[in-house]
Amino acid sequence: MIRIAVLVSGRGSNLQAIIDAIAEGRLQAKIAVVVSNRPAAPALERAKKAGIPTMVVEARGGEARDTFDTRVVEAIREHRAEWVVLAGFMRIIGNVLLSAFPMRIINVHPSLLPAFPGLNAQAQALRHGVKVSGCTVHYVDGGTDTGPILAQAAVPVLEGDDEQSLSNRILVEEHRLLPAVLQKLSNER
Ligand code: GRF
């Protein structure tokens, strides 16, 4: 059974999908800790409700990335997590964190990478007029949404879609795909 740390910044619907998958027996894993860089992230409430330890690691004004990352690594190690899941974590991961968990950090992104990396992927997709989009679960490397791809799921882009409607359609797939990938990684251990 793998022990994972989930890093969040906001709503936490992907965190919830992992919590639910574990509760329903679809995922053999333990969430050792949820780490947020934002004290007000609703994701923290979801974790607490599920009885999962939480930690807030907030960037101090002018703090170097390495120092911040070191504090995150300490939080993860303290809870003996060996995998790190970025679930709506709105910070670039630096070398300190990457080298602490080589090929053990995964991210979920709301586009079919390598198309539309970075912020507002759904809006980018609409702007380009693509007819198919989706989500990607990938290993995190030093770039922005550039690491090796583990799994993808596609959804149609429909006439009349706006950012919200497309995001919602993609999110359904994120919630299915992320726990499924974690279960696969867990099986391979
Ligand atoms: C998701 O769309 C995820 O793909 C992106 O940020 C969003 C996080 O949503 N990286 P939530 O906090 O999991 O609800």
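Which residue just after H5 takes a positive phi? It's Gly129, at about 75 degrees. Before going further, a word on the numbers: this is a predicted model, so local features need pLDDT of at least 70 and side-chain atom pairs count only at pLDDT 80 or more, while totals for chains, interfaces and linings use all residues. Residues are numbered from 1 along each chain as its sequence is written, and side-chain values use heavy atoms, with hydrogens and water left out.

Now for the overall layout. The protein has 6 helices and 7 strands; helices (H or I, at least four residues) and strands (E, at least two) are DSSP runs, numbered from the N terminus. Along the sequence they follow the pattern β-α-β-α-β-α-β-α-β-α-β-β-α. The radius of gyration is 16 Å, close to the 16 Å that the globule rule gives for 189 residues, so the protein is as compact as a globular protein of that length. That radius is taken over C-alpha atoms, and the globule rule is 2.2 Å times the number of residues to the power 0.38. The C-alpha trace spans about 50 × 40 × 30 Å along its principal axes. Buried residues make up 51% of the 189 residues, where buried means under 20% relative accessible area, exposed means over 50%, and partly exposed is in between (1.4 Å probe, protein chains only). Of the contacts (heavy atoms within 4.5 Å) between residues at least 6 apart in sequence, 62% join residues at least 24 apart.

The strands come together in an open sheet of 7 strands with mixed pairing, in the order E3-E2-E1-E4-E5-E6-E7. Two strands pair if DSSP finds at least two bridges between them. Strand E3 (54–56) and strand E7 (149–156) stand at the edges, each with a single partner strand, so one side of each is left without a neighbour in the sheet. On average, neighbouring strands here are turned by 20 degrees against each other, direction ignored. Inside the sheet, strand E1 (residues 2–8) runs parallel to strand E4 (residues 83–86), and 4 bridges join them. Ile4 stands opposite Trp83 in E4. Helix H6 packs on the sheet, touching E1, E4, E5, E6 and E7, and its direction makes about 155 degrees with that of E7. For such angles, axes are lines fitted to C-alpha atoms, for helices over the stretch in contact, and the angles run from 0 to 180 degrees between N-to-C directions.

What about the greasy inside? In soluble globular proteins, nonpolar side chains tend to be buried together. A nonpolar core is a set of buried Ala, Val, Leu, Ile, Met, Phe, Trp, Tyr and Cys residues joined through side-chain atoms within 4.5 Å. The largest one here has 37 residues, of which Ile4, Val6, Leu15, Ile18, Ile31 and Ile106 touch the most other members. Its largest share, 7 residues, comes from H6. Leaving aside neighbours within four places in sequence, Ile18 is in contact with Ile4, Val6, Leu27, Ile31, Val85, Leu178, Pro179 and Leu182. There's also a second, separate core of 22 residues, which includes Ala32, Ile93, Leu97 and Ile105.

The loop between E5 and H5 is worth a look. Ser111 is found there, and at 0% relative accessibility it counts as buried. Its side chain reaches the backbone oxygen of Phe116 at 3.2 Å. Not counting residues up to four places away in sequence, Ser111 touches Phe116, Ala121, Ser133, Gly134, Cys135 and Thr136. Phe116, another residue of the loop, has a positive phi of about 55 degrees although it is not a glycine; it is buried, with a relative accessible area of 11%. Asn120, also in the loop, has a positive phi near 55 degrees, but it is partly exposed, at 46%.

Next comes helix H5 itself (residues 121–128), where Ala121, Gln122, Ala123, Gln124 and Ala125 are buried. The cover over these buried residues includes strand E5 (105–109), strand E6 (132–139) and helix H6 (163–188). Leu126 and Val157 are 31 residues apart in sequence and 8.0 Å apart in space, C-alpha to C-alpha. Beyond its neighbours within four places in sequence, Leu126 is in contact with Val157, Asp161, Asp162, Glu163 and Leu166.

How values were computed: Polar contact = N/O pair within 3.5 Å; in protein donor to acceptor, adjacent residues only side chain to side chain.
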